[in-house]
Every structure is written in structure tokens, then in C-alpha cells.
Amino acid sequence: MDIKAVILAAGKGTRMKSETTPKVLHQIMGKTLLGYVLDNVKNFVSEEFVIVGHHAEDVEKFVNTNYSNAKTVLQTPQLGTGHAVSMVCPNLENFDGLVLILCGDTPLIKEETLKNFVEFHKTHSSDITVMSTIFENPTNYGRIIRDTDNSLKCIVEEKDANTEQKAVKEVNAGIYCLNWSKVKSAFGELKSNNAQGEYYLTDIISWGKIQNLNVNAYILDDSDEIYGINSRTNLAEATKMMNRRNLEKYMVNGVTIVDPDSTWISEDTEIGQDTIIYPATYIEGKNKIGKNCKIGPCAHLRGDVEVFDNVKVGNFVEVKKATIKSNTNVGHLSYIGDAELGENVNIGAGTITANYNPLTKTKSKTTLKDNVKIGSNSVLVAPVTIEEGANIGAGGIITKNISPWALAITRSPLKVLENWVKRQIKQ
Ligand code: UD1
Ligand code: CA
């Protein structure tokens with residue numbers, strides 16, 4: 001059966017207190033919240049609709065540049081989650097499959113969980129399935145209210161709940177699977193007579209019950225996965241949760257993480273066996289690290305980095321958009337950006353690829369071929385290529401290409417004035 005996804009991303013995110021960035025474009029280790037959600041559905045749905053509203057142009061631009069299969073649908077004004085879904089009705093007028101609805105502020109959900117959720121919906125011949133979980137502290141989430149026979153009755157939002165309802169620990173994850181042809185008419189019938197004066201998507205549960213539809217809840221064991229981000233505090237907590245999950249995955253696969261408490265590695269980083277990640281290392285974005293590498297302590301990989309086997313990226317080294325081939329060392333205090341480093345290259349301490357021209361606002365590439373040795377404290381002014389085997393003397397400022405096996409020295413000759421200090425003291 002065809003599945004389409006609808007991702008709600010139009011809300012203001014008032015509790016984030018952000019002037020410049022819509023909530024769903026805030027990031028966890030170099031990737032936006034919305035990016036996580038889209039990545040988790042793109043492999044098994046035929047099309048994604050992202051509902052945009054607050055800072056719509058920014059969200060549209062993000063979606064259009066990164067997800068060619070996704071469409072954006074504008075919601076103005078933003079009158080609630082139910083109203084948001086109703087915006088997509090014209091696009092799905094004749095659609096007869098399943099619609100998976102998710103919130104753009106719930107990045108920890110796993111693809112595998114969503115597939116299981118859809119499978120549950122199908123095997124139960126469900127018309128409406130909502131994902132729920134048990135939270136010891138359910139504050140701020142919609143509560144799942146059940147009848148005496150334990151069947152679903154409705155969802156009540158925190159602001160509309162009475163004391164008895166507030167005590168319920170089963171909460172709404174904000175993820176739904178709908179048999180679209182049976183449920184689409186609900187979106188013309190939702191009411192806004194609640195504490196927030198909004199059209200709540202959650203009301204489709206009670207609507208479905210009235211219509212005698214088959215309405216079910218899928219209870220998720222790992223409640224971390226549906227942790228929603230409404231504030232900066234939530235963002236920090238979700239980043240920690242995501243990181244713990246990632247580090248566990250690397251360790252299970254044979255990577256040593258010396259200190260998981262001070263190491264941050266993004267979900268989209270691949271790491272080979274027997275690589276050691278030393279403390280205080282921060283790896284964000286998409287990266288690939290080979291086997292038997294040593295990374296850190298205090299290294300910063302900023303994304304689009306590919307490191308081959310047996311490579312050392314040492315302390316206080318920052319790497320961005322770079323390839324580093326096997327047996328190469330970038331030991332200390334260096335910046336490698338927009339660069340390609342061959343095999344057996346040695347980068348002396350304090351080497352910088354000067355990749356950015358602030359006048360033209362352009363970035364250029366530095367290429368170091370195999371067996372190149374760069375002396376400490378050198379600046380490689382891009383665009384520049386150092387051909388195979390060439391050496392750069394310490395303190396080199398390299399502004400043009402260097403031929404193979406050459407030695408390039410740019411420092412002025414050393415001058416030694418014998419007894420100069422003693423002469424100063426006598427006067
Ligand atoms: C919502 C659910 C709540 C659930 C929780 C799970 C409703 C009414 N409440 O609450 O039951 O426990 O998610 O995280 O659905 N949005 C729009 N347009 C709007 C309003 C919101 O696109 O007009 C988007 C937001 O950008 C956000 C998502 O919908 O991505 C959820 O909205 P939010 O305000 O965060 O809802 P919660 O209060 O968290
Ligand atoms: Ca939310």
C-alpha cells in the first residue's frame with residue numbers, strides 16, 4: 001500500500017525563544033531537527049509533505065535544497081496541528097493509501113520504529129493508529145485517555161486536562177497512521193473549542209470513535225524516541241540522548257570511546273573497527289572514519305570529512321570538508337579545511353589551510369599529494385597543490401604550487417648576534 005508522510009513544521013516554537021531560527025531548523029550535532037525526521041521516512045514513503053508557516057521561506061529553502069522528493073505546503077495562519085494537516089487535503093484528494101503524520105520537532109524517532117508502527121497499523125486493520133508511550137513525567141504531552149474496557153477514548157492536552165487526566169502517564173507521541181480515504185473528512189469537522197482555541201489533530205481519535213472506525217494505539221517501549229523538543233532545555237537533553245545512542249552503536253561495533261561523557265559524535269558518522277576516539281572530541285555532520293585511527297583528544301570534525309585507515313587526527317585539530325588518506329598524521333593544533341591529503345603525509349603542529357578569502361567570500365582547495373611533509377606553523381594559502389613527496393620548511397607561507405620532491409622554504413635566514421644580551425646588560 002502506498003504511504004505518504006506529512007510532517008508538521010509550521011509552528012512558531014514559542015518556547016524555544018528564537019528570533020532568527022524556526023524551531024525545526026535548530027540543530028543536533030550539525031543536522032536540523034526536521035532533517036532527522038525526513039531522513040527517517042524517506043526510505044519507505046513515496047512522498048513527503050512538510051507543512052511550513054513560521055519562517056516558511058527558511059524551511060522551504062532547507063527542504064528544497066536537501067530533499068528533492070519532499071514538497072512544502074504553506075499554513076497561514078497557524079491554527080493548530082489539525083489545521084496544519086488540513087492544508088494537505090487538496091494534494092491528497094484522490095489518495096487511497098496510508099498517511100503517516102509526524103512532528104518536525106521529534107528527531108529521536110528511529111526509521112525501524114516507524115516501519116514497525118506502520119506494520120502494526122496494517123496487521124490490526126486499523127483506520128487510525130496513534131503512537132503512545134509511558135512517561136514518568138508526562139507534563140506538557142497530550143494524555144491518552146482510555147475507556148473502562150481499555151480501548152482508546154480520546155487525547156486530552158495538558159492545558160485542557162483535569163487533575164485525574166493529568167495523572168495519566170500514557171502520552172501521545174504526535175505520530176499517527178491514517179487510512180486516508182476513511183479519515184480525510186475529519187479535517188473539515190475538527191472544532192477549536194479548547195483551552196488554546198486551536199484545531200487539534202489529537203481530536204481525530206474521538207472523531208474516529210464516533211465514526212465507528214478501528215482506532216488503536218501502538219505503545220512504544222523506548223520513550224526516549226518520541227522526546228519532543230519545545231525548549232532549549234529539551235534541545236540539550238535530546239542532544240545528549242542522541243549522542244548516548246550513537247556512542248553505544250560505535251562501541252558495539254568495536255570502536256573505543258575513551259570517555260563517553262565528553263565525546264560527541266553525530267548519527268551520520270561511520271567509524272571503522274579499532275579506531276580510538278579520545279576525550280573531548282566533537283564530530284558533527286556526515287563523516288567517514290576508517291579503521292585503526294586515533295582521533296583527539298580535543299579534535300573537531302565539522303562534517304564532510306573522510307578519513308582513511310591508520311590516520312591520526314590529534315589534539316586541537318579542526319577538520320572540515322576534507323579527505324585524509326591512509327597513514328597520514330595531523331598531530332597537533334592544525335586546521336584542515338577544503339583539502340585533500342594523500343597517503344603518508346605528515347602535517348607539522350600549527351599548520352593551517354588558508355581556505356577562505358574574506359574579500360571574495362570564496363573558499364578554495366588545498367591538495368597535498370602522497371608523502372608530502374609540512375613543517376610546523378606553515379600556512380597553505382589555497383588554491384594550492386603540493387606535489388608528491390615535496391617538503392615545506394617550518395613556518396612556510398605557501399602561495400603557489402610546489403613541484404614533486406622539492407623543498408620549499410619561505411623564512412628569512414637565521415641571524416645570530418653572539419653575546420648580544422650580555423652587551424645590553426653592561427650598558
Ligand atoms: C503535540 C500534541 C500532543 C503531543 C505532542 C508530542 C496536539 C494538539 N498536541 O503537542 O498531544 O503529546 O505534540 O510531541 O497535536 N504545528 C504546525 N502548525 C500549527 C501548530 C503546530 O505545523 O498550527 C507543528 C509544530 O511546528 C510542531 C508540531 O506541529 O512541529 C507539534 O506542535 P507543538 O506546538 O510542538 O505541539 P505540542 O504542544 O508539543
Ligand atoms: Ca512539540
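Analyst: Happy to. Leu417, Trp420, Val421 and Ile425 make up a nonpolar surface patch with about 440 Å² of accessible area together. A patch takes residues with over 30% relative accessible area and no salt bridge, joining nonpolar side chains (Val, Leu, Ile, Met, Phe, Trp, Tyr) within 5 Å and like charges within 9 Å. A salt bridge is a side-chain nitrogen of Lys or Arg within 4 Å of a carboxyl oxygen of Asp or Glu, and areas come from the Shrake-Rupley method with a 1.4 Å probe, where only the protein chains shown count as cover for residues.

A word on the basis: this is a predicted model, in which local features need pLDDT of at least 70 and side-chain atom pairs count only at pLDDT 80 or more, while totals for chains, interfaces and linings use all residues. Residues are numbered from 1 along each chain as its sequence is written, chains are lettered from A and ligands numbered from 1 in the order written, and side-chain values use heavy atoms, without hydrogens and water.

Leu417 sits in the loop between β35 (407-408) and α9 (420-426); helices (H or I, at least four residues) and strands (E, at least two) are DSSP runs numbered from the N terminus. With a relative accessible area of 51%, Leu417 is exposed, where exposed means over 50%, buried under 20%, and partly exposed in between (1.4 Å probe, protein chains only).

Two strands count as paired if DSSP finds at least two bridges between them. Within the sheet, β18 (residues 294-295) and β21 (residues 312-315) pair in the parallel sense over two bridges, and Ile295 stands opposite Val313 in β21.

Elsewhere, strand β7 (residues 128-134) is mostly covered, with six of its seven residues buried. Six bridges join β7 to the antiparallel strand β10 (residues 170-179), where Asn172 stands opposite Ser132. β7 also pairs with β11 in the parallel sense over six bridges, and Val215 in β11 is the bridge partner of Ile128.
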